[in-house]
Amino acid sequence: MSTRKRSTSISRRQLKEKVVQIYESLFKGEELYKDNTFFWDELFLLKPKLVFMETEIQKMTAEQLQVAKSNISLLIQKCIDMLDHQHSIRVFNALHTLCGLVKALFMKATEIKINPISFLTDFENKDEKILHLLDLCQFILQGDAAEDMKDLCLKLLLLLTTGGNNINENRLIECIMGSSLFEHLIQLLCDVPTRQKHGYNVVLLITLLVNYRKYDTTNPYIVKLSILDNELALNGYGQVITASLSEFVNGFNCEQTDNQNTSWLSSITNIVGNMFISEEGTVRIQQMRANNALVLALYEAVHLNRNFITTLAQTQTDSSSPPSPCNTLSALQSRTDMSLANITFDVTTQPSNLLVTFFTYCSIVMQNTKTESGSNTVKLCFIILGCITEDQYANSLMHDVSLAFKVHLYRLPMRHRKLFTDRTPTSQPLVCTLLDLLIEFILSHMMKKFPMELYILCINVVQRILCYQKRCKIRINYHWKELWTALMSLLRFIVQNENYLARKMNIFHLSLTVVNILNFFITYGDTFLPTPGSYDELYYEIIRMHQVFDNTYSMGLRYSTTEGDFKSDALKLNNSLINVRGIIKHFNPKIEKWLSANGLSTPS
């Protein structure tokens, strides 16, 4: 009995699937195909075992890989040839195998010095073979093939594009550039079912190809994207981005709601736990990185294609979302200091568009600027906002009072301001929401690790909005006092931390930009401020904060009268303060005289 059991266990250990045995033989350099005419037809009827294949290739030494190179190259060639087969199972398995081989070879190239492309093109007429592969992929994408097969085609193209460490050094992309792949990708975006299934991969692939050597040579994908005027394709492009960002926003909101419902003991435990967890390793950082590709896609579309601007404010109609990076936040550590809504705010239940979703997304990612990756994401968001506010049509959309939306912006509670009690956003033009977002950034990032570059980008967006309103004489019903207070608070922070900040950065350029915005209100406010009383409120805030401007002038005077790197900038700053100081000097004596005559210490 014991002998029978032992023999059974031995046979089980030795039992392997046929496809695994074939992989092992091929990787050892054995030429099984020479003895069987139907070897390849039979192989591609078997379900690929990609995990085993990738594991075996990763375990190979450079010598073993060299022995298996001819067989691996032949297997790749047979996979390509099989894509033209009539049998759908063989085509699917060939695609699956090809994806696994390409992925494994590029991964192996990070360990030992090999050229994965030599495995892909280790036969005669190299470029012709790659172009043939692209033609077959395009045929599958445009034909009636199964959706899973199209998905594998897109994944294969992404693997070929992103296999190396530097996309600009990947010569395979040169072949893609010369093909008609762009038109087939755009067609996938036009059709709703295919967009919902493949939209993310399509937009990601277009974005990667647009960035291939974009500053070194003429990139045909940049040209094609810039002149694209297919409204269905542009809407589809925007809806893919909206769906992905919405998924991130909704996941973030659900996590914050869950954290709000946890006990106080759990909250304290999470706070203590977060002290020992690097911010760079949190799930939210990983998800922000996953969405960076589509944020970059949004930048390319806004920057290159003016026709895309018309889709920014269009209400989204797709009821389901295309595949996107996993944005579930179940594993995210709680942030108990976050101000939360009392009810779940789902962006899919409100009238929404790409701008609405992007503003909400920005309000979340702007909370993390302490890490380099988080700061880069916020920088990209500000660059996109800058492109949007530079466009005349986009500005007209954002200032249209008939296009009012409820936009939920996330805010961090801080010691120097009260918690927000009203969690329900009000309907307002999009430009008002954008100003709220910019003010929130100004107020919430005055920290020791001062993000100077981000502040400059933020203030520049404010300038563009004001210039448009002045040029077009548009008056919006906005609480401008909050902007003035935020700008003056920023000036006060710079002055108070002058000794520390001036050693690390040019604080005078930012200070000059802030003062210039206030001068803009003083000089041209009559063309865009809502009421004459707004001027009174502006002057009141300037006089109330006169100490800030006096200290700013003193700071500039110290640096402008001594030799140093910032002498000229400090001189420009002091010159820009003439209007503000003139207002203060004019009204302060009158106010003090009135106070003394009435026996008061303050006007109120």
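Mentor: Helix α2 (residues 18–27) passes helix α4 (residues 50–59) in a right-handed crossing, where right-handed means that the near helix is turned clockwise from the far one by less than a right angle. This is a predicted model, in which local features need pLDDT of at least 70, side-chain atom pairs count only at pLDDT 80 or more, and totals for chains, interfaces and linings use all residues. Residues are numbered from 1 along each chain as its sequence is written, and side-chain values use heavy atoms, with hydrogens and water left out.

Trainee: Which residues of α2 and α4 make the contact?

Mentor: V20, Y23, E24 and F27 of α2 meet F52, M53, E56 and I57 of α4; contact means heavy atoms within 4.5 Å.

Trainee: At what angle do α2 and α4 pack?

Mentor: The angle is about 25°, and the axes lie 10 Å apart. The two helices are therefore roughly parallel, a term for angles under 35 degrees.

Trainee: New topic: where does α12 bend?

Mentor: Helix α12 (residues 192–210) bends by about 75° at H198. The bend is the angle between axes fitted to the seven residues ending there and the seven starting there.

Trainee: Is α12 mostly covered or exposed?

Mentor: It is mostly covered, as 14 of the 19 residues of α12 are buried, meaning under 20% relative accessible area with a 1.4 Å probe, protein chains only.

Trainee: And T360, which helix is that in?

Mentor: T360 belongs to helix α17 (residues 354–365). T360 is buried, with a relative accessible area of 1%. Beyond neighbours within four places in sequence, T360 is in contact with V249, V407, H408, L409 and Y410.

Terms used:
Helix = DSSP H or I, 4+ residues; strand = E, 2+ residues; numbered from the N terminus. Expected span 1.5 Å × (residues − 1). Buried < 20%, exposed > 50% of the residue type's maximum accessible area, 1.4 Å probe, protein only. Axes fitted to C-alpha atoms, helices over the stretch in contact; angles between N-to-C directions. Parallel < 35°, antiparallel > 145°, perpendicular 65-115°, else oblique.
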